[in-house]
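Visitor: I am new to this structure. Could you show me how to read a few of its features?
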Amino acid sequence: MTETIIKIEKLCLNIGGTQILRDVSFEIAAGQRLSIIGANGAGKTTLLKCLDKIIGICDGKITVAGKNLNQYRQKELAKILAYVPQSAYFNAPFSVQEFVMMARFPHLSSFSVVTAEDKKIVAGAMALTEIADFASRALTTLSGGELQRVNIAAAVAQQSKVMLLDEPTTFLDYKHQSDIQILLDKINSEKGTTTVSVTHDINTAVMFSDRIVALKSGRVAFDGRPEEVMDNKILNDIYEKEFLFSNHPQTGQKLLIPHQREI
Amino acid sequence: MKKDRVLILIFLLAIFAFFALPFVGSTSVSVSAIKDFRLETVQGRIFYQIRLPRTCVAFLAGAALSCCGMALQAMFKNPLATPFTLGISSGAALGTAIYIISALPAAIMGFSVITISSFAGAIGACLLVYGLTRAAKGFSVATMLLAGVVVNFFFSSIILFLQYHSNFTESFRIIHWLMGSIEVAGFKTVFNMFIFVAGGAVIIWRLRGELNLLTISDEIAITRGVNLQRVRKTLFLATSIMVAGVVSFCGPIGFVGLIAPHICRLLVGADHKRLAPASMLFGAAFLGVCDTIARTIMAPIEIPVGVITALLGGPFFVWLLLKGSSEKSLL
């Protein structure tokens, strides 16, 4: 039986009088590749931020690796969950290597120094994500694709069991979208890391996930296998719009195509 | 490696400045004065009772202000943050102004009353800013910054009101104190100040990893394991105590806390592992040099050291800024 790494029970969140999440419940198995989809404002990113204690929850319960989220110290939680922000631009005066090294923070105490082991882990993460060539470059000089690889390298160096990714391929061109997805797949298969990705790209979610959870107005509108979501009845319920479908020429997977405007 | 070498160079320059500056002044002091531990000669007394304690105070004040400026710039993610952003100096100034116009005795039980009243004012301002920030939910840096600005303006208005109702001598003493100056005799002030500076510096050094992450973003800091609320409160208290300790002895010496961390960021990078010692050493040596210039350039008249710090630091910083590559951002 697969171990449950994250369990969300009746999660509710209210920000400034607006109900963002309502009665959200589902479990994530260790090693799973989960995608969270939904329309803008459905609560996807907020849910991800609740999991990593960036936002505190109002009601309900989140259990991470068998322990209530509220009982975790932030450093202890960072050893289990790593967060990759939405294609963020950092105006921070650090080099790529310095930034990735900072991901070792949860493993260091106030008086300890970076060890040879830490350096080895960082070098390994940079090699895996193929960013070693520009290790000495400043973060401010990176392109969107490079920065996203650096963010993922930092999450790998953090050595957490779960990677929470907020729209990891948004703003990237097709080549870089594909590269990032292949990289995440590699991390999942080689290191057994659980990946939880918030995404707007349903086709990518279907191709690179084991399971999909869809949110609508803060509620779980769908929870199932990727191929099951490719149904106009379900998609219409999530997005209030109908789509066309086609099959992937290599795998035969059902993929989504938007309607062309009627002339 | 290059950055480590620059840090070593800053360390060596600071050490050299510390040992060389006490010999500079309107009255020449020879190296043999160091041997006069019993203070039998005039030169020995000048060296051990005036010059060395003054250099120590300048170094401690410079190190503390620079260290606080560095920490607050990282916490607020604002390159314009200074040790006085949180309104601590205005509290100290109010305490001093009240002392000056109320004709209190100069010392009680061997303690300088002006120092006690200015320290009390600084702690009062610190508690007020802390209380206001806590009252607003979340202990956010924006609230802390605004609370600091409000307290600064509020206390400054009271000082202006007191000055308006004071006589010419009292008003001059208040203005002179506000310019910031280092006037000490003997090592008592050095030991008192050392407690504040060393205590605060150790706390900030322990938070070097957190400061690096805070420089990037709050979101990154939280998800790498930083307890944001606890770190903000600790930094607030550590910097407040350090600034209160310095300001109550020397007045609000401006510019060091703003400029020294920026210069060091350009020289050794933004990693607080190097930046914290570099800022403290550079700030210490910089204020030591400025104080020596302040007491010698128009000798026997002394210029307030705050005037020299801005006059020297400003152009030097602009030169360094223009020389720096576009890849180096300040924060």
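Guide: We will take helix packing, a sheet, the chain contact and some backbone angles in turn. Keep in mind that this is a predicted model.

Visitor: How do I read two packed helices?
Guide: Two packed helices are described by the angle between their axes and the distance between the axes. Take helix H2 (residues 42-76) and helix H8 (residues 208-216), both of chain B. Their axes lie 7 Å apart, at an angle of about 45°. H2(B) is therefore oblique to H8(B).

Visitor: Which residues of H2(B) and H8(B) meet?
Guide: From H2(B) come B:Met70, B:Ala71, B:Ala74 and B:Met75. From H8(B) come B:Leu211, B:Leu214 and B:Thr215. By class, six residues of this contact are nonpolar, one is polar and none is charged.

Visitor: Now the sheet. What is the order of its strands in chain A?
Guide: The order is S2-S1-S4-S5 in chain A. The sheet is open, has four strands and pairs them antiparallel.

Visitor: Which strands stand at the edges?
Guide: Strand S2 (18-29) and strand S5 (67-68) of chain A do. Each has a single partner strand, so one side of each has no neighbour in the sheet. S5(A) is joined to strand S4 (residues 59-64) of chain A by two bridges. In one pairing, A:Thr63 has A:Asn68 of S5(A) as its bridge partner. Helix H1 (residues 44-51) of chain A packs on the sheet and touches strand S1 (4-15), S2 and S4 of chain A. The direction of H1 makes about 120° with that of S1(A).

Visitor: How many residues does each chain bring to the contact between chain B and chain A?
Guide: Chain B brings 25 residues and chain A brings 29 residues. The two chains bury about 2,400 Å² between them, with 61% of it on carbon and sulfur atoms. B:Ile216, B:Thr223 and B:Arg224 supply 28% of the area that chain B buries against chain A, more than any other three residues.

Visitor: What should I look for in phi?
Guide: Most residues other than glycine have a negative phi. A:Asp23 has a positive phi, near 55°. A:Asp23 is found in strand S2 of chain A. A:Lys53 also has a positive phi, near 60°. A:Lys53 lies in the loop between H1 and S4 of chain A.

Methods
Residues are numbered from 1 along each chain as its sequence is written. Chains are lettered from A and ligands numbered from 1 in the order in which they are written. This is a predicted model: local features need pLDDT of at least 70, side-chain atom pairs count only at pLDDT 80 or more; totals for chains, interfaces and linings use all residues. Side-chain values use heavy atoms; hydrogens and water are left out. Axes are lines fitted to C-alpha atoms, for helices over the stretch in contact, and angles run from 0 to 180 degrees between N-to-C directions. Angles under 35 degrees count as roughly parallel, over 145 as roughly antiparallel, 65 to 115 as roughly perpendicular and the rest as oblique. Contact means heavy atoms within 4.5 Å. Ala, Val, Leu, Ile, Met, Phe, Trp, Tyr, Cys and Pro count as nonpolar, Asp, Glu, Lys and Arg as charged, and the others, Gly among them, as polar. Two strands pair if DSSP finds at least two bridges between them. Buried area is the accessible area (1.4 Å probe) that two parts lose on being put together, summed over both.
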